[in-house]
Amino acid sequence: MPRRPQKTRRVLIVTAGVLLLPIIAAYGLYWRDMKAIRDRVAGESMIVETRHGAMEFARWGDGPPVIVVHGAGGGYDQGRLIPKMFGSDGYDWISISRFGYLRSSLPEDPSTSAQAEAMADLLDKLGIERAAIVAMSGGVPPSLQFAQLFPERTTALVLLSTAPFSPLEASQQDLPIPAWLYQALFSSDFLFWAVVKLAPSSLDRIFDVRPEARARMSGPDPAFVEGLVEAFLPVTDRTAGLRNEVAAVDPGTDYDLEGITTPTLVVHARDDGINPFEFGEYTANNIPGSEFMALETGGHLLLGNIPEVRERVVSFLGLHAAEPAE
């Protein structure tokens with residue numbers, strides 16, 4: 001009898017096996033990497049209970065206390081990058097995970113004012129009376145609320161690439177990629193991991209890294225971009241927090257900028273492709289006595305300006321972070 005069908009089946013089985021081997025190997029690398037990432041993320045932070053549930057944080061350094069408040073898609077690990085780029089030694093850095101990010105709770109009341117209250121509870125647990133705040137992008141609205149609700153506990157505010165807050169509208173943002181693509185990327189750890197491994201530069205648009213900025217990157221710029229990309233994993237542990245970013249533009253939430261008395265430094269680039277320059281300008285114009293560092297270029301991550309911004313931030317914190325609130 002002809003044996004051709006049996007031979008064909010064997011060829012198909014062997015071919016399928018050859019095709020499956022790279023997939024199996026890729027999943028093996030993925031699980032190894034993700035286990036290491038999850039172990040590291042859990043091992044480098046602590047958790048305290050606040051009136052709004054668990055708040056995760058990392059703490060390092062000695063000196064006047066400074067809370068670091070990360071942007072959208074982040075967590076305490078993204079927050080650790082901010083003082084590395086824009087801060088210095090000589091401070092007690094406290095980087096938090098905001099509501100819904102990593103191991104921080106997403107409470108029934110996830111408002112920016114509730115986030116500020118949780119930050120105050122964290123300070124109480126750490127025995128800290130007053131602190132400065134360095135916030136970037138989506139971390140700015142809850143930081144404004146902290147200065148508004150707890151002026152006596154806020155020594156200084158540094159606000160980088162301000163995200164929208166009421167009465168500013170999220171619709172004014174010019175997102176670099178469609179919302180559905182954000183949702184797709186943040187729905188799967190494997191998909192995001194694969195993109196990072198195979199084509200990390202394809203994520204540039206998410207971080208507002210334009211081709212001309214990529215070509216000009218030098219000094220600390222590459223490390224900042226690479227660190228932010230890596231700090232998005234695991235993305236599925238950050239999706240709840242990302243969905244809660246709309247809390248900042250809730251029209252029922254009041255931001256009394258004119259009532260903020262804390263020394264404030266606002267930094268924003270005119271070509272920010274995520275949060276328009278007008279957001280930073282509005283913030284600086286409405287906080288009495290605030291300083292405004294307007295950059296001509298740099299995009300959302302202030303690339304090409306990190307040393308200059310660091311010098312300004314460090315000088316500002318040196319003047320105000322250790323000063324008692326009035």
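**A buried arginine and its surroundings**

Arg 238 is buried, with a relative accessible area of 0%. Please bear in mind throughout that this is a predicted model. Arg 238 is found in the loop that runs between helix H8 (221–230) and helix H9 (239–243).

What does the side chain of Arg 238 reach? Leaving aside residues up to four places away in sequence, Arg 238 touches Gly 73, Gly 74, Gly 75, Asp 77, Gly 100, Tyr 101, Leu 102, Ala 231, Phe 232 and Leu 233.

I turn now to the sheet.

Strand S1 (residues 46–50) pairs with S2 in the antiparallel sense, over 5 bridges, and the two strands form a hairpin with 2 residues between them. Within this pairing, Val 48 stands opposite Met 55 of S2. Strand S2 itself (residues 53–60) is mostly covered, as 6 of its 8 residues are buried. S2 also pairs with S4 in the antiparallel sense, over 4 bridges; there, Phe 57 has Ile 96 of S4 as its bridge partner.

In strand S4 (residues 92–96) we also find Ile 94. Is Ile 94 buried or exposed? Ile 94 is buried, and its relative accessible area is 0%. Ile 94 and Phe 57 are 37 residues apart in sequence, yet their C-alpha atoms are 6.6 Å apart in space. Among the residues that Ile 94 touches, again not counting those up to four places away in sequence, are Phe 57, Val 66, Val 68, Leu 122, Leu 123 and Leu 126.

Next, the helices. The 15 residues of H3 should span 21 Å at 1.5 Å a residue, and the end C-alpha atoms of H3 are 21 Å apart, so expectation and model agree. Which residues of H3 are buried? They are Thr 112, Ala 114, Gln 115, Ala 116, Ala 118, Met 119, Ala 120, Asp 121, Leu 122 and Leu 123. The cover over the buried residues of H3 includes S1, S2, S3, S4, S5 and H4. Just after H3, Gly 127 takes a positive phi of about 70°.

Helix H4 (residues 140–149) is largely enclosed by the rest of the structure, because 8 of its 10 residues are buried. Those buried residues are Val 140, Pro 141, Pro 142, Ser 143, Leu 144, Gln 145, Phe 146 and Ala 147. Against what do the buried residues of H4 pack? They pack against strand S3 (65–69), helix H3 (112–126), strand S5 (131–136), strand S6 (154–160) and helix H10 (277–286).

Thank you for your attention.

Terms used:
Residues are numbered from 1 along each chain as its sequence is written. This is a predicted model: local features need pLDDT of at least 70, side-chain atom pairs count only at pLDDT 80 or more; totals for chains, interfaces and linings use all residues. Side-chain values use heavy atoms; hydrogens and water are left out. Buried means under 20% relative accessible area, exposed over 50%, partly exposed in between (1.4 Å probe, protein chains only). Contact means heavy atoms within 4.5 Å. Two strands pair if DSSP finds at least two bridges between them. The expected span of a helix is 1.5 Å times one less than its number of residues.
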